[in-house]
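Please read the points below with the sequence and the model side by side. They are meant to be checked one at a time.

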Amino acid sequence: AVHFVGHSNGTYLLAKALQTYESMKLDNVVFAGSVVPRSYDWCKRFRAGQVKRVRNYVAAGDWVVALFPTFFEQPLV
């Protein structure tokens with residue numbers, strides 16, 4: 001069994017890796033202070049068998065975590 005626990009930028013790196021490497025398979029994913037956008041397609045990851053369970057612990061008052069995804073979603077010039 002392979003599990004992942006990530007915080008902040010680590011959550012972004014895992015989400016991107018799941019998109020890039022479709023053969024990546026995880027049993028349990030735990031995010032703390034996630035910067036992954038709400039629009040991330042978790043349903044696709046579940047249907048593809050890449051992820052079995054996801055738990056996301058949200059810190060609503062963490063302004064750094066709130067701004068981080070916006071920074072990475074800006075178009076590159």
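1. Asp27 sits in strand β2. Helices (H or I, at least four residues) and strands (E, at least two) are taken here as DSSP runs, numbered from the N terminus. Asp27 has a relative accessible area of 14% and therefore counts as buried. The cut-offs for that word are as follows: buried means under 20% relative accessible area, exposed over 50%, and partly exposed in between, with a 1.4 Å probe and protein chains only. Leaving aside neighbours within four places in sequence, Asp27 is in contact with Ala1, Val2, His3, Lys52 and Arg53. Contact means heavy atoms within 4.5 Å.

2. A note on the source. This is a predicted model, in which local features need pLDDT of at least 70 and side-chain atom pairs count only at pLDDT 80 or more, while totals for chains, interfaces and linings use all residues. Residues are numbered from 1 along each chain as its sequence is written, and side-chain values use heavy atoms, with hydrogens and water left out.

3. What does Asp27 form with Lys52? The two form a salt bridge, with the closest N and O atoms 3.1 Å apart. The term requires a side-chain nitrogen of Lys or Arg within 4 Å of a carboxyl oxygen of Asp or Glu. Side chains of opposite charge can pair when their charged atoms come close. A search of the whole structure finds 1 salt bridge. The pair links distant parts of the chain, with Asp27 in strand β2 and Lys52 in strand β3 (residues 51–57), 25 residues apart. Lys52 counts as exposed because its relative accessibility is 55%.

4. Val2, one of the contacts of Asp27, lies in the segment before β1. Val2 has a relative accessible area of 46%, so this residue is partly exposed. Not counting residues up to four places away in sequence, Val2 touches Lys25, Leu26, Asp27 and Asn28. Val2 and Leu26 are 24 residues apart in sequence, yet their C-alpha atoms are 5.2 Å apart in space.

5. Which residues make up the largest nonpolar core? There are 10 in all: Leu14, Ala15, Leu18, Leu26, Val29, Phe31, Val36, Tyr40, Trp42 and Val51. Such a core is a set of buried Ala, Val, Leu, Ile, Met, Phe, Trp, Tyr and Cys residues joined through side-chain atoms within 4.5 Å. Both α1 and β2 supply at least two residues each to this core. Ala15 is in contact with Val36 and Tyr40, leaving aside its neighbours within four places in sequence.

6. Leu18, also listed in that core, lies in helix α1 (residues 9–20). Is Leu18 buried or exposed? Leu18 counts as buried because its relative accessibility is 0%. Residues up to four places away in sequence aside, Leu18 touches Met24, Leu26, Tyr40, Trp42, Arg45, Gln50 and Val51. For Leu18 and Trp42, 24 residues apart along the chain, the C-alpha atoms are separated by 9.9 Å.

7. How many aromatic pairs does a search of the whole structure find? The search finds 3. Phe4 and Phe31 form one that is edge-to-face, with 6.3 Å centre to centre and 85 degrees between the planes. Rings of Phe, Tyr and Trp (its six-membered ring) pair if their centres lie within 6.5 Å; planes under 30 degrees apart count as stacked, over 60 as edge-to-face and the rest as tilted. Phe4 belongs to strand β1 (residues 3–8) and Phe31 to strand β2 (residues 26–34), 27 residues apart, and the pair links distant parts of the chain. Phe4 is partly exposed because its relative accessible area is 22%, whereas Phe31 is at 2% relative accessibility and so counts as buried. Ring pairs link Phe4, Phe31, Tyr40 and Trp42 into a cluster.

8. Now the whole chain. The protein chain has 3 helices and 3 strands, in the pattern β-α-β-α-β-α along the sequence. Buried residues make up 29% of its 77 residues. Of the contacts between residues at least 6 apart in sequence, 68% join residues at least 24 apart.

9. Last, confidence. The protein chain averages a pLDDT of 84, and 75% of the residues score at least 70. This score is the predictor's confidence in each residue, from 0 to 100. Among the elements, helix α2 (residues 42–47) has the highest mean pLDDT (96) and helix α3 (residues 63–72) the lowest (57).
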